[in-house]
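Here is a short briefing to read alongside the model.

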Amino acid sequence: MFFSKNVVISTLSLCIGLALAPVASADTSVTEWNAQALQAIRVTHPGPPMVARMLAITNTAMFDAWAAYDKKAVGTRLGGTLRRPDFERTDANKEKAMSYAAYRALVDLFPSMKANFDAEMALHGYDINDTSTNLATPQGIGNVAAQAVIDFRHNDGSNQLGNLNG
């Protein structure tokens, strides 16, 4: 059975929208970064399997950054090693960490769309040049969480980097 890219993208957009709809009526960091991912997909036209992988990487990076600020959640790549103390578990820290994670993942996946992602970071007042890995900061959490996911997924057999033969 053959599905067009537009059908797959529309279906993924609807699923993401429905999954997030009960959470909040206003845009959240997750919905904003998913919108950026979906726009990059519309512009670059990857195939359906790549679309699923790209959304999975972006959302896994955001989850892993968010998990550092939750008392029970465990990140997919680094487990609970990024866990922050109670007093740091603020919405602002979660949003900043998730934004840095999404940004790093999306730039890795869609380098040609970097200007769009830079603009999204600027809207939030975040510095795209802050590559800190200081785990006492939300940007450090986001950068480290994203890099762990990126490193793992670069070796998942998908050949994202174009360095596999055959």
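A residue is called buried here when its relative accessible area is under 20%, exposed when it is over 50%, and partly exposed in between, using a 1.4 Å probe and protein chains only. This is a predicted model, where local features need pLDDT of at least 70, side-chain atom pairs count only at pLDDT 80 or more, and totals for chains, interfaces and linings use all residues. Residues are numbered from 1 along each chain as its sequence is written, and side-chain values use heavy atoms, leaving out hydrogens and water.

**The chain as a whole**

- The chain has 6 helices and 0 strands; helices are DSSP runs of H or I with at least four residues, strands are runs of E with at least two, and both are numbered from the N terminus.
- Read from the N terminus, the order of elements is α-α-α-α-α-α.
- Of the 166 residues, 41% count as buried.
- The accessible surface of the chain is about 8900 Å², and 58% of it belongs to carbon and sulfur atoms; these areas come from the Shrake-Rupley method with a 1.4 Å probe.
- Among contacts with a separation of 6 or more, 66% join residues 24 or more positions apart, where contact means heavy atoms within 4.5 Å.

- H2 has 16 residues and reaches 22 Å from its first C-alpha to its last, close to the 22 Å expected at 1.5 Å a residue; the expected span is 1.5 Å times one less than the number of residues.
- The buried residues of H2 are Ser 29, Glu 32, Trp 33, Asn 34, Gln 36, Ala 37, Leu 38, Ala 40 and Ile 41.
- H2 (residues 29–44) packs with H4 (residues 91–109) at an angle of about 10 degrees, and their axes are 10 Å apart.
- That angle makes H2 roughly parallel to H4, a label for angles under 35 degrees.
- On the H2 side, Ser 29, Val 30, Trp 33, Gln 36 and Ala 37 meet Glu 95, Met 98, Ser 99, Ala 102, Tyr 103 and Leu 106 of H4.
- The residues of this contact divide into 7 nonpolar, 3 polar and 1 charged.

**Trp 33, a buried residue of H2**

- Trp 33 lies in helix H2 and is buried, with a relative accessible area of 0%.
- Leaving aside residues up to four places away in sequence, Trp 33 touches Met 62, Ser 99, Ala 102, Tyr 103, Leu 106, Phe 117, Glu 120 and Met 121.
- Trp 33 and Ala 101 are 68 residues apart in sequence, with their C-alpha atoms 9.9 Å apart.

**Helix H6 and two of its residues**

- H6 (residues 138–154) has 17 residues and spans 24 Å from first C-alpha to last, close to the 24 Å expected at 1.5 Å a residue.
- In H6, 13 of the 17 residues are buried, so this helix is largely enclosed by the rest of the structure.
- Asn 143 lies in H6 and is buried at 7% relative accessible area.
- Not counting residues up to four places away, Asn 143 touches Tyr 100, Arg 104, Asp 130, Thr 131 and Ser 132.
- Val 144 is also found in H6, and counts as buried at 18% relative accessibility.
- Val 144 and Asp 64 are 80 residues apart along the chain, and 9.4 Å separates their C-alpha atoms.

How values were computed:
Axes fitted to C-alpha atoms, helices over the stretch in contact; angles between N-to-C directions. Parallel < 35°, antiparallel > 145°, perpendicular 65-115°, else oblique. Nonpolar A, V, L, I, M, F, W, Y, C, P; charged D, E, K, R; others polar.
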